[in-house]
Amino acid sequence: MERYEIEAFLTLAEELHFGRAAERLGVTTGRISQIIRKLERRVGAALFDRTSRLVGLTTIGTQFHEDLRPGYEQVRHALERAIMAARGFEGPLRVGFLGAAAGGFVLEVARAYRAAHPAGEVFIHELQIHNSLSDLRDHHTEMVLTPRPIQESDMVEGPVLWAEPRYLAVSSRHPFATRAQVTQEDLARVRLLRFPENAPVSFVEDRVPGHTAQGRPIAHGPRVSSFMEALALIGANEGAFTVGGQVTRFYTRPDVAYIPFADAPTVDWGFIWRASHETARIRAFNDVALTLRPAPTRPR
């Protein structure tokens, strides 16, 4: 297979849209269709199901994609490493983060990264959970430090950098505010605030479940677009929120109480980036982060 054939197939498999695939590759929609038809004739079977509105991989196309992508990524990374070895780390790296603790850590990593690669620039900016993926997909950001889980087929979850205890944020007027601990079954006795509709599904399912492990329903409250908005509603006793331990240090308020869970999993943090846009700079920045990751924390 020629490189342009591989790239056309993999791009269409990712976008599932002929127009977007053509735009990414800088060719016409007709050219993408021509390449895919040629591949399908060579394989002897359809690789994509096409309707007037939808494009999807067939069973054979899915297997072909799973077999082809690892080899292509290996070749691409080998070429990229050779190029970067020759060129160094010139050029900017755009890094996003969620929350105050992540922002401070990213700044620390950026200082160490610049010291190791003086020609490398780093630009950082804050994001919210609902726009972190779109920022990556729209190429405004190359990597984001975010809480997990973020399980998206086009994203890479880097190694966990730290894990922190999970807390329930409630109004200081709520009956739970005076308790030393809560359990996950206690979520059936609060109303959890919701994230925007475009927040990652895996993250929402982890933070705003519909039922407890024993099947008790969990009420849901209004949607919030930022953590500051969530804190305002929590302080007004309009809902509750599950959070990580760093909020107890960076977001203290007299009208909000943070109660540790006795039985909940930790909140894990790490970088994510697009699998198809991984670069030597991203890997180098993540490697520096691994050397600086903080020690585990315990409930206060």
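Colleague: Where is the place of Glu5?
Modeller: Keep in mind that this is a predicted model. In it, the place of Glu5 is in helix α1.

Colleague: Does Glu5 count as buried or exposed?
Modeller: The cut-off for buried is under 20% relative accessible area. Glu5 has a relative accessibility of 1%. Therefore Glu5 counts as buried.

Colleague: Which residues does Glu5 touch, not counting those up to four places away in sequence?
Modeller: Set aside the residues up to four places away in sequence. Glu5 then touches Ile35, Lys38, Leu39 and Arg42.

Colleague: How do α1 and α3 lie to each other, roughly parallel or roughly perpendicular?
Modeller: Helix α1 covers residues 3-15 and helix α3 covers residues 29-43. Their axes are 10 Å apart, and the packing angle is about 105°. An angle of 65 to 115 degrees counts as roughly perpendicular. So α1 is, to α3, roughly perpendicular.

Colleague: How many residues of the contact of α1 with α3 are charged?
Modeller: From α1 come Tyr4, Glu5, Ala8, Phe9 and Leu12, and the α3 side includes Arg31, Lys38 and Arg42. Eight residues of the contact are nonpolar and none is polar. The number of charged residues is four.

Colleague: At what angle do the axes of α2 and α3 cross?
Modeller: Helix α2 spans residues 18-25. Phe18, Gly19, Ala22 and Leu25 of α2 meet Thr29, Ile32 and Ser33 of α3. The pair is therefore roughly perpendicular. The axes of α2 and α3 come within 8 Å and cross at roughly 100°.

Colleague: How is Leu16 placed, buried or partly exposed?
Modeller: Leu16 is found in the loop between α1 and α2. Its phi is near 55°, a positive value in a residue other than glycine. The relative accessible area of Leu16 is 34%, so this residue is partly exposed.

Colleague: Which is the crossing of α5 and α10, left-handed or right-handed?
Modeller: Helix α5 runs over residues 100-116 and helix α10 over residues 280-292. Their axes come within 9 Å and cross at roughly 110°. The two helices are therefore roughly perpendicular to each other. Their crossing is right-handed.

Colleague: How many nonpolar residues does the contact of α5 with α10 have?
Modeller: Residues of α5 including Phe105, Val106 and Tyr113 meet residues of α10 including Phe285, Val288 and Leu292. By class, the contact has two charged residues and no polar ones. The nonpolar count is 11.

Colleague: Which residues of the largest nonpolar core touch the most other members?
Modeller: This core has 39 residues. The residues touching the most other members are Leu168, Leu192, Phe227, Phe241, Val243 and Tyr258.

Colleague: Leaving aside neighbours within four places in sequence, which residues are in contact with Phe227?
Modeller: Exclude the neighbours within four places in sequence. The contacts of Phe227 are then Gln128, Phe241, Val243, Val247 and Tyr251.

Colleague: What is the phi of Asn237 near?
Modeller: Asn237 lies in the loop between α8 and β11. At 36% relative accessibility, Asn237 counts as partly exposed. Its phi is positive, in a residue other than glycine, and is near 65°.

Colleague: The peptide bond from Arg148 to Pro149: is it cis or trans?
Modeller: Pro149 has its place in the loop between β5 (143-147) and β6 (155-157). The omega of the bond from Arg148 to Pro149 is near 0°. That bond is cis.

Colleague: Leaving aside neighbours within four places in sequence, which residues are in contact with Asp206?
Modeller: Asp206 lies in helix α7 (residues 201-207). With a relative accessible area of 25%, Asp206 is partly exposed. Beyond its neighbours within four places in sequence, Asp206 is in contact with Arg148, Pro149 and Arg166.

Colleague: How far apart in space are Pro254 and Ser171, C-alpha to C-alpha?
Modeller: Pro254 lies in the loop between α9 (247-250) and β12. Its relative accessible area is 80%, so Pro254 is exposed. Pro254 and Ser171 are 83 residues apart in sequence. In space, C-alpha to C-alpha, they are apart by 9.1 Å.

Colleague: Of the residues of the protein, what percentage count as buried?
Modeller: The protein has 10 helices and 13 strands. Its residues number 300. The buried share is 48%.

Key:
Residues are numbered from 1 along each chain as its sequence is written. This is a predicted model: local features need pLDDT of at least 70, side-chain atom pairs count only at pLDDT 80 or more; totals for chains, interfaces and linings use all residues. Side-chain values use heavy atoms; hydrogens and water are left out. Axes are lines fitted to C-alpha atoms, for helices over the stretch in contact, and angles run from 0 to 180 degrees between N-to-C directions. Helices (H or I, at least four residues) and strands (E, at least two) are DSSP runs, numbered from the N terminus. Angles under 35 degrees count as roughly parallel, over 145 as roughly antiparallel, 65 to 115 as roughly perpendicular and the rest as oblique. A crossing is left-handed if the near helix is turned anticlockwise from the far one by less than a right angle, and right-handed if clockwise. Contact means heavy atoms within 4.5 Å. Ala, Val, Leu, Ile, Met, Phe, Trp, Tyr, Cys and Pro count as nonpolar, Asp, Glu, Lys and Arg as charged, and the others, Gly among them, as polar. A nonpolar core is a set of buried Ala, Val, Leu, Ile, Met, Phe, Trp, Tyr and Cys residues joined through side-chain atoms within 4.5 Å. Buried means under 20% relative accessible area, exposed over 50%, partly exposed in between (1.4 Å probe, protein chains only).
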